[in-house]
Amino acid sequence: MEKSNRVTAVEPSDDMLTLGSYNENIILYKNSEILSQLPDKSFDAIICHNVLEYTDNRREVLRQFCRLLADDGFISIVKHNKYGRIMQKAVFDYEIDSVKKMLNNENLTSVKFGEIRIYENKDLINDSDSNLKLDSCYGICTFYGLQNNDIKFCDSWINTMLDLELSVSQIEEFRNIAFYHHLILKKQKNIFTGKNNG
């Protein structure tokens, strides 16, 4: 993607920075405070995957995303789905203490990234002061995390599982128990219903 586009990236974690490779088309910052210094409507697409759970200023980040997004652009967010995480923690990991915390709306902790603040899809709209609308929502890892690891080494498994995941990604009942949600957000269009005779 970065070969044909100008990419601005924010990555505060030194550990994560060592995993990536970067070229001259990528402008890299280590602190999300840079967002407030960038010009309005300067991005056609904003990608924020598996990040907002780990920030303590989600509302401010979303407000900046709204400001930075071009009118015809989109925001792609991948987030933890509370009910999918509960399924995996109970069935696959057998971490009953974590399940009880999530059922009580308590935060969890990640060894690498600290506190995990799980939030609902609707919180994205509320936190953005209603400047965003949900365009589409997909379930990710509906079955993957519940599969026995031994079967994942079969040659045909990954393609078969991908086909299965895609086939249920927009079926509400399966999406509700997927481990992640992939949301596409767009700006609300201003609708004027009257004339200013003023």
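Biologist: How many helices and strands does the protein have, and what share of its residues is buried?
Modeller: This is a predicted model, and its local features are taken only where pLDDT is at least 70. The protein contains 7 helices and 8 strands. A residue counts as buried when its relative accessible area is under 20%, and of the 198 residues in the protein the buried ones make up 33%.

Biologist: Among contacts between residues at least 6 apart in sequence, what percentage joins residues at least 24 apart?
Modeller: One example of a pair separated in sequence is L124 and L62, which lie 62 residues apart along the chain while their C-alpha atoms are 7.5 Å apart in space. Over the protein, among contacts between residues at least 6 apart, the share that joins residues at least 24 apart is 71%.

Biologist: Which strands and which helix do the buried residues of α2 pack against?
Modeller: Helix α2 spans residues 58-68, and its buried residues are R58, V61, L62, Q64, F65, C66 and L68. These buried residues pack against the strands β3 (43-49), β4 (69-80), β7 (132-140) and β8 (180-187), and also against the helix α5 (121-127).

Biologist: What handedness does the unit of β3, α2 and β4 have?
Modeller: The two strands, β3 and β4, pair in the parallel sense over 6 bridges, and within this pairing F43 has as its bridge partner in β4 the residue L69. Together with α2, these strands make a β-α-β unit that is right-handed.

Biologist: Is L124 buried or exposed, and which residues does it touch?
Modeller: L124 is found in helix α5. Its relative accessible area is 0%, and L124 is therefore buried. Leaving aside residues up to four places away in sequence, L124 touches L52, L62, I77, K79, Y119, L183 and L185.

Biologist: In the salt bridge between E95 and K89, how accessible is each partner?
Modeller: The closest N and O atoms of E95 and K89 are 3.3 Å apart, and a salt bridge requires them to be within 4 Å. E95 has a relative accessibility of 32% and so counts as partly exposed, whereas K89, at 14%, counts as buried.

Biologist: How many salt bridges does a search of the whole structure find?
Modeller: Another of the pairs is R117 with E115, whose closest N and O atoms are 3.4 Å apart. R117 counts as partly exposed at 23% relative accessibility, and E115 counts as partly exposed at 37%. For the whole structure, the number of salt bridges found is 7.

Biologist: How many disulfides does the structure hold?
Modeller: C48 counts as buried, with 6% relative accessibility, while C154 is partly exposed, with a relative accessible area of 43%. A pair of cysteine sulfur atoms would have to lie within 2.5 Å to count as a disulfide, and the number of disulfides in the structure is 0.

Note on methods: Residues numbered from 1 in each chain as written. Predicted model: local features only at pLDDT ≥ 70, side-chain atom pairs only at ≥ 80, totals over all residues. Heavy atoms only, no water. Salt bridge = Lys/Arg side-chain N within 4 Å of Asp/Glu carboxyl O. Buried < 20%, exposed > 50% of the residue type's maximum accessible area, 1.4 Å probe, protein only. Helix = DSSP H or I, 4+ residues; strand = E, 2+ residues; numbered from the N terminus. Contact = heavy atoms within 4.5 Å. Pairing = 2+ DSSP bridges. Right-handed = clockwise from strand over helix to strand, strands pointing away.
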